[in-house]
Amino acid sequence: MRRALCIALLALVAAGCSLDDDGVEGRASAGAPTPACPAAWKPGWQQLANDVGTRVYCPSWMPSPIDAEIGGQWNSDGVIVDEDKSYLAGFLWHEAGSGDVHVNFRGYPGRSAVPRCRDGKRSIPCFSDVRGTRKVGGKTVTVYTVSRDADQWHVTYLWRENGTLYTVSEHVAPPLTFQRVLANLDRIVGGLEAIEPQSA
Amino acid sequence: MRLTRKQFLGGAAAGALGAAGIYELVDQLAESPPRAEAGELAEEQYLLSGMKLLTHEGVEVIEPPLHHQVVTARLAVDERRSDLREAQRALEAALAAIERRYDPNPAGLAVTVAWGLPYFRRVVPGPADRHLPIDRRASTSADRRVSAVLDAIRFPSDPETTILEDNEVAFLLRSDEREHVADAAASLFADTDGLFELTSIRKGFQGGGFSGGAGLPKAMATAAGIQGADLIPEGAQLFLGFTSTQKATQGQSRISSFETLGLVDVREGYFRGGTHMHLSHLFENVEAWYLDFDFRDRVDTTFRPGFQAREGAQTLKQDAEAAASEDDLRGDFRQHGAIGHSGSIQPTSRLHMDIRGADGDLYRKGSAIPLRADFNTLDNPFFWTSDPDRDRHSEQPDAGLHFISFNPSSDDFRRNRLAMDGVLPDGTRLPLQARSRAQGLNSVLRTTHRQNFVVPPRSRRSFPLVEQLR
């Protein structure tokens, strides 16, 4: 039985998958000693860093079944970059009746204030209801439980670095619970690789 | 031995009456608060004596009992006058025996017996026609005689699936001690064996962490694996995070009785000291409430848009002097395109002037008329039901509320509930989409069942009007 489990685990690793401590499957760079953006995902994130002219963060792990390949099957909209160079890279799996796995990465170069969203006539913070801070992967992130716009129903981790505000959020929806999402965000943010812009 | 369906259901119901299920945890998670001495048994059987008053976040709060149980039933007794009189004696004896065992306060046990309109129509139609109270205000509005107790209706924000029930009787049992509730329920139906066919058993709890700790809603929801349980604030009295039993928001003294405010004509007085009870069950989408509404939104929708509140506050002052008027409500809607729960209800649920009640007490302008007795539950939708298919019963716990409100009449309750949906007493309908965010709380609530009842005075709580049958 134990041997069969080991073989199954080896097969998963070989397929570029890993298991969380509690056995939840996710996508990762196989066998990397330190968090590293997988080779297949890196070109897209490098292009994004070049486009916005500042450091971006590429994950080394994503919750199953999605990955973080910009332009890949889970990122049908590509990356949205606004005039102010703020960006949104979203990765979504949706299956009617089963649920969602949806992770968004945002960056707001040159900004440190929490961005504002429109709610009808009102201007409201895009992230609110702070639920404390966490130390993850050397970063101190603020956890927000209410998020707006493309991050609605997401839990958001937010941090500031070198004058840029970054967020990573994940949708709390079946099959994921709030605790599961926190664990996923810990793992995503704990395994980010910084990608610096390269001059042409 | 083969059991009939009736015998089988009876056995299952008897087991469920005493079973604790997940509610056993209440006793592990909360300590019974100290209670005042019980007073004399009041004629108003819906009132609880010995309630503890405390100050939480600077606001006077009534601390309700920890354990709550509602048992609904149909009569199994023959309609012969002699059988009904015997049933009346048996029920009264069973209730009196319980009252001898327990003080009538939360440390002991309070039992309230309420009767549904199907009982009055089927069993005592003639006497009911002569004695059931008449709603003066609703009669004037409708230009015809309107009973103080009407069949429940679906409200605009109710889904079409909301079941309008037809129970003949409901027993409400409340205590800090689960054993008291279980013992009383078991003995009540054992002592009246054969008189009732139970239709549902509904259980739940109330208890904030007023003296520290997580509070029952968060702890119980977490134990039950409710989605979003982690997001419930520590110490909250209810799943939705705010305290509902502020003294100023609860009908005081006998204000909720039929006769007190003069809204209702008790005719020859048979039901003097009684009241109307609305009983419903609703699911609460806890996760949506906390992920889609931030604290500011939750305050706006629970109270009024722009209502002042300290970040994280749970008990917000809602004094008589600050009660919202109908003009305030219209203003809120004009300015914000939304209405709040309290702000929408207060124009109909608070007194518009000082009134000297029929009981001699002076009720000040802005006083709350309804007396709420609701409690959180993990029933889905009931702890036990005789008709699991109709009630869509599941053993999987879900967060909800067994909502109980005592009002002088069904029309009074309807006015309040319609206002929640933006329907004002003069018929004006604020253009709010059912269950939209602009309706605040309604967007995360889903009502499954409703029914209205007559709560007779204590001396007439057992098979009311049967002695008047000829």
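Mentor: A disulfide is taken here as a pair of cysteine sulfur atoms within 2.5 Å, and in general such a link is a covalent bond between the sulfur atoms of two cysteines. The model is a predicted one, and by this rule the count comes to 2 disulfides over all chains. One of them joins Cys37(A) to Cys58(A), with an S to S distance of 1.9 Å, and with 70 degrees about the S-S bond this link is right-handed. The pair ties together distant parts of the chain, since Cys37(A) lies in the loop between strand S2 (25-28) and helix H2 (42-52) of chain A, while Cys58(A) sits in strand S3 (residues 56-59), 21 residues apart. Both Cys37(A) and Cys58(A) are buried.

The other disulfide joins Cys117(A) to Cys126(A), where the S to S distance is 2.0 Å. The torsion about the S-S bond of Cys117(A) and Cys126(A) is about 115 degrees, so this disulfide is right-handed. Buried means under 20% relative accessible area; Cys117(A), with a relative accessible area of 5%, is therefore buried, and Cys126(A), with 6%, is buried as well. With bonded cysteines counted along the chain, the disulfides of chain A follow the pattern 1-2, 3-4.

From Cys126(A), which takes part in the disulfide with Cys117(A), we can turn to Ser128(A), which is found in strand S10 of chain A. Ser128(A) has a relative accessible area of 9% and is therefore buried. Leaving aside its neighbours within four places in sequence, Ser128(A) is in contact with Tyr144(A), Thr145(A), Val146(A) and Arg148(A), and also with Asp294(B). The side chains of Ser128(A) and Asp294(B) are joined by a polar contact of 2.7 Å. Arg148(A), one of the residues that Ser128(A) contacts, forms a salt bridge with Asp297(B), in which the closest N and O atoms are 2.9 Å apart.

The count between chain A and chain B is 4 salt bridges, and across this interface there are 9 residue pairs in polar contact. On the side of chain A that touches chain B, strand S10 (127-136), strand S11 (139-147) and helix H3 (178-190) each supply at least two residues, and the residues of that side divide into 7 nonpolar, 6 polar and 4 charged. Taken over the whole interface, 17 residues of chain A are in contact with 18 residues of chain B, and the area buried between the chains is about 1400 Å², of which carbon and sulfur atoms give 42%.

How values were computed: Residues numbered from 1 in each chain as written. Chains lettered and ligands numbered in written order. Predicted model: local features only at pLDDT ≥ 70, side-chain atom pairs only at ≥ 80, totals over all residues. Heavy atoms only, no water. Contact = heavy atoms within 4.5 Å. Buried area = accessible area lost by both parts, 1.4 Å probe. Salt bridge = Lys/Arg side-chain N within 4 Å of Asp/Glu carboxyl O. Polar contact = N/O pair within 3.5 Å; in protein donor to acceptor, adjacent residues only side chain to side chain. Helix = DSSP H or I, 4+ residues; strand = E, 2+ residues; numbered from the N terminus. Nonpolar A, V, L, I, M, F, W, Y, C, P; charged D, E, K, R; others polar. Buried < 20%, exposed > 50% of the residue type's maximum accessible area, 1.4 Å probe, protein only.
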